[in-house]
Amino acid sequence: MKKLLFAIALGAFTLPGVAHAECGKVSLAEMNWASASFITKVTEFLMTQGYGCDVTLVPSATTTAITSLAENNEPDVVPELWINSAPLYTKLEAEGKVRKATNVISDGGIENWWVPDYLVEEHPELATIDGVLANPALVGGKFHNCPDGWGCRIANDNLVKAFAFEKHGMEVFNHGSGETLSAAMASAYENKEPFFGYMYGPTAVLGRYNMVSVDMGPHDADIHACNQTVDCKSPAKSAYPAAPVLTVVTADFAESNQEIFDLVSKISFTSKGLSQLLAWQADNGASSEEAAVHFLTENKSTWENWVNDAAREKLSALFD
């Protein structure tokens with residue numbers, strides 16, 4: 001059974017009787033980080049096998065996804081859009097071009113700068129950004145930054161200026177991917193080495209290791225809004241806010257395909273639940289497709305409440 005499910009999840013074939021015509025074509029964004037990829041694979045599976053959709057996955061990231069929505073009115077569905085890193089979303093929603101389907105992370109996401117707990121236990125001053133910048137050598141003299149294309153990269157680049165990293169001797173290392181950023185944190189923690197860098201949650205790495213969020217001072221909404229823009233004229237100090245994380249659809253798609261809008265409006269996870277799933281994926285060396293199948297296999301009572309009666313009947317051929 002699991003081999004069959006893996007084959008379906010990997011796109012090897014579609015079950016007999018599940019034609020790609022019932023809901024038509026759907027473009028579905030797949031963001032370039034683990035939790036978003038997992039959510040996309042779950043969504044794709046349910047759309048394809050339950051509703052007969054012809055799904056095209058669109059590789060994306062926060063800034064590219066929101067720009068594409070603004071300029072091209074696509075993809076149709078964008079899971080895990082962190083709107084505090086995509087200020088253009090508010091404008092598009094006000095104009096009626098996009099619609100919120102759901103808070104796909106029901107209790108929100110977290111963004112922060114982090115140091116390992118063992119460093120803070122030995123040097124309590126590292127729990128604050130002032131303490132970190134006064135003692136750069138204690139955290140390795142390096143800030144691990146977001147990959148290019150992530151919304152946090154813009155905010156971090158402005159915050160680096162606001163906190164005068166160069167003046168304090170703090171080097172900035174820009175990671176090429178979320179995987180290398182997570183690997184750097186994991187390697188440092190397992191070897192009890194210095195580390196200072198950005199990470200968002202839910203992620204497997206935050207679920208597995210005891211990292212301490214660095215106190216960056218108060219959050220200022222106006223300052224943060226400026227920090228999120230490439231052309232911010234006056235970058236200033238502000239902590240990250242709690243992050244609403246949405247599944248967003250184009251207004252045209254919501255109106256033309258109510259069944260799929262209803263589906264994606266119900267697909268939601270807690271931050272803790274996602275972190276546990278991502279830890280399982282990492283521990284088992286599983287792909288996002290395999291993690292999706294693991295979730296669907298082990299949580300039938302959850303996703304059965306997401307789909308309609310007809311889809312539930314079709315999916316029973318796989319899971320009963």
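A pocket, as I use the word here, is an open set of grid points with protein on both sides within 12 Å along at least five of seven lines. I'm working from a predicted model.

**Entry 1**

I looked up the largest pocket and found about 390 Å³ of space in it. It has 21 lining residues, and those closest to the centre are Ala34, Gly178, Glu179, Ser182 and Ala204. I then checked which elements give two or more residues to the lining: helices H2 (34-51), H8 (178-190), H9 (204-208) and H13 (271-283), plus strand E8 (197-201). H8 puts in the largest share, with 6 residues. Sorted by class, I get 14 nonpolar, 5 polar and 2 charged residues in the lining.

**Entry 2: H2 against H13**

Next I looked at how H2 packs on H13. Their axes are 10 Å apart, at an angle of about 95 degrees. Angles of 65 to 115 degrees count as roughly perpendicular, so H2 is roughly perpendicular to H13. On the H2 side I noted Ala34, Ser35, Phe38 and Ile39, which meet Leu274, Leu277 and Leu278 of H13. This contact has 6 nonpolar residues, 1 polar and no charged.

**Entry 3: H2 against H16**

What is the angle at which H2 and H16 cross? I read roughly 105 degrees, and the axes come within 8 Å. That makes H2 roughly perpendicular to H16 (residues 309-319) as well. Here Phe45, Leu46, Gln49, Gly50 and Tyr51 of H2 meet Ala311, Lys314, Leu315, Leu318 and Phe319 of H16. By class I have 7 nonpolar, 2 polar and 1 charged residues in this contact.

Terms used: Residues are numbered from 1 along each chain as its sequence is written. This is a predicted model: local features need pLDDT of at least 70, side-chain atom pairs count only at pLDDT 80 or more; totals for chains, interfaces and linings use all residues. Side-chain values use heavy atoms; hydrogens and water are left out. On a 1 Å grid over the protein atoms alone, a cavity is a set of points where a 1.4 Å probe fits but cannot get out, and a pocket is an open set with protein on both sides within 12 Å along at least five of seven lines; lining residues have an atom within 4 Å of a point. Grid points are joined across faces, edges and corners, and a volume is the space filled by probe spheres set on the points. Helices (H or I, at least four residues) and strands (E, at least two) are DSSP runs, numbered from the N terminus. Ala, Val, Leu, Ile, Met, Phe, Trp, Tyr, Cys and Pro count as nonpolar, Asp, Glu, Lys and Arg as charged, and the others, Gly among them, as polar. Axes are lines fitted to C-alpha atoms, for helices over the stretch in contact, and angles run from 0 to 180 degrees between N-to-C directions. Angles under 35 degrees count as roughly parallel, over 145 as roughly antiparallel, 65 to 115 as roughly perpendicular and the rest as oblique. Contact means heavy atoms within 4.5 Å.
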